[in-house]
Amino acid sequence: MIEHPRLFRASEKREPRRPRLFHLGSFLRMNEKTRFMLALITPAALVLMLFQVVPILTGANASFRDWTLHDPKRTWVGLANYIHVLRDAEFLAIVLPNTFGFMIATVSLSLFFGLMIALMLNKRFRGRWLVQSFVLLPLMVAPVIAAIMIRWMFNDQFGVVNAALEGLGIAPISWLTQRWTTFLVILLTDVWLWTPWFALILLAGLQSLPTEPFEAARIDAASTWRTFRYITLPMLRPVMVVCVVIRSIDAFRTFDIVWTISGGGPARATEMFSLYAYVESFQFLNLARGSAAAVIGAIIIVIFALLLYRILNRFVEVSR
Amino acid sequence: MPELRSFIRLCAATAIGLALSTGPFSAQAQERELKVGYMKNPIQDASLDIMEKWAKTHGVKLTRVPMAYSVFMEKVTATLTSGTDQFDVIWHNDDWGQLWKKWLDTTDDVRGIENADQWPLLAFWNDDKKLTVVPMAHTVGTFFYRADLVRPEEVPTTFAQLVSVSQRLQKEGKVKWGYVGGMGMNNTWFSLWWTMWANNCDILKPLFERNNDKLVAAKFEPAVTEPCHREIVEFWWDAINTHKISPPGMTTYGRNEANAIFMAGEAAFTLVDSTHFGEFNDPKRSKIVGKIGMAPFPVGPRAQKPTSWNEIWGWAIPKGAPAERKQLAKEMLSAMMSDEAGQIEMWKKTGGPPPNVKLWPKLAAEDKDFAALKHAVFDQTPITHSAYYFAEWPAVHKAYSDMAIAALSGKREDIPKVLAEHVDKIHRAATGN
């Protein structure tokens, strides 16, 4: 017989309870399974608390204070650092456009190429495992290593890219001296690094699709394009939405490859949000201003991610 | 539930293991140890080798903690201000001499410090007029040339000659480029700044002033729109785009990229710290071993005689280190300053001039390379120091670098406009606004 919890009637009077942060009795009364789950979660929660939550709160606290790296006075200055960042022409005219431009370009290109590769790998052909392993190689390379490699590949004196261009009779290019060529190199690096990630997830999505709609399309003699356009793509959209949202957030905070390839240069022409926060904190040594920039960036990306998720989710709903 | 009990046992075993490995039972905890935070560089390693000799004979374990140059100052500043005892000795540099002055122990009582050159110590005095550094080696900008291509009497002494000799060598097919040097952020000395000082110019007004009170009185007014400064930006624009004596990508080069071109034998001239002399003569890395000469800086149209810069790399002791380790560190640094044979060996192995200047005449008499360096640098009178010594200097450097690279990446006729646009940014960087 199952015992139901006792229900209180509204007329019954109850003793007011004193709120407690941790109730040992209730912890001990938990069933063993719950305690086991809590024990499993505790190390991860502690790590998260120590290395994510506490630094974020410390940074947020610093953003309201006079806190230089070399002489942290820690006096309260209110919103002064936020106002400075929001009035900084470099932040508004260079950093934000660069960040969003990069995010849109890298996510679109990686999604496109990732989808192409996933479609290719979804077909059976000889040596597929070899192609699959080869395609996934960039995922195994640390972004900083990839960026150092790319910087030398695009070096105007020793780079293989210019050597190849010269072989084709094209004059060598100083890739990293101008804004848009530098931006292109950074973008190519990021797309190269992230396309396999899209390919892997989209391939898993493709392989989990039901076969019936495809069989029906084949019976109806639908062309490959129409099958892709009206069956594969709509059914794959939920996976694509998740990929796009996760990757957009990640692209917004890109630091390593930009720092290694261009350092945000020439001058500050390819500086992005994370670099801006880094430069303020560790080159201008103003930790407070860097923290304010980071908080502003966090607010921007949270709003952007929510909007993006909503828009894409509606798109998925409509397509259903 | 057996899983829970096993899990708890595992956690307890791990905790006990960790406690044993780091606690009083650890054998390592009994050993005397000094941790040194430094940049991986042949000179710093050679200086550490001198200290290692002392450490071995005194039962001290010397632990080297290398860090990348690009993050060194930021990382160590954060460590110093947090008050942790992560390092007992750290690499110190004049660029951030004033930045760390209140976080470092004084070093006036280190034996042998009286044999150091006084000029480069300006950056390292704290507010109580006490020293916070022990010199490791002098870092002097040195004009290197290919002695196999250029005879000593042909070595350029002016900017104009630098262009003409470079073009001649390029035309003769002897080199691909005339001059190559670092120019990107943190490498500004090796192109823009040496020419700036060699053209009687500077970054802030009053020119060549390094007294912070006087700079404050002058409200940190930038001198970058002065004709003497505009001329050097135009000089580099022409060197890259008009005369083509320097690679088009030079605005992005760090010292490693510039050195790679010079060591590949593709450039006739470079200017970099003398501390790279050893690298240039390393047969594993360089194609120009034994073919390198040193000469005084060529001068610009506004200067009459060559200038130079003469600063030091040093070691410092964080205040946050425990007292007994600070004392131990001072003993080790005293041993380094007193080890004449070790310092001479460091010069021979790496090209790092010894911190004990009393060794210099003897070294110049017996070593032709040191004699050449002495003539090229130490015998010339520095017009000023190669950095400013106020806390916001790194920010000024960054703002200056952004300005110069923006000017060199645009059209020549826009240079005055770009320089004018950045005056306020440099001023704000200097005043912390």
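What distance separates the centres of domain 1 of chain B and domain 2 of chain B, taken over C-alpha atoms? The separation is 27 Å, with domain bounds from an automatic or database domain assignment. The model is predicted, so local features need pLDDT of at least 70 and side-chain atom pairs count only at pLDDT 80 or more, while totals for chains, interfaces and linings use all residues. Residues are numbered from 1 along each chain as its sequence is written, and chains are lettered from A and ligands numbered from 1 in the order in which they are written.

**View 1. The domains of chain B.** Domain 1 covers 32-138 + 311-378 and domain 2 covers 140-310 + 388-431.

**View 2. The contact between the domains of chain B.** In chain B, 25 residues of domain 1 are in contact with 22 residues of domain 2 (C-beta atoms, placed from the backbone, within 7 Å). The largest share of the domain 1 side, 5 residues, comes from H13(B); helices (H or I, at least four residues) and strands (E, at least two) are DSSP runs numbered from the N terminus.

**View 3. The contact between chain B and chain A.** Chain B contributes 28 residues and chain A 26 residues. On the side of chain B that touches chain A, H14(B) gives the most, with 7 residues. That side has 16 nonpolar, 7 polar and 5 charged residues (nonpolar: Ala, Val, Leu, Ile, Met, Phe, Trp, Tyr, Cys and Pro; charged: Asp, Glu, Lys and Arg; polar: the others, Gly among them).

**View 4. The fold of chain B.** Chain B comprises 15 helices and 8 strands. Its C-alpha trace spans about 80 × 50 × 50 Å along the principal axes.

Notes
Contact = placed C-beta atoms within 7 Å.
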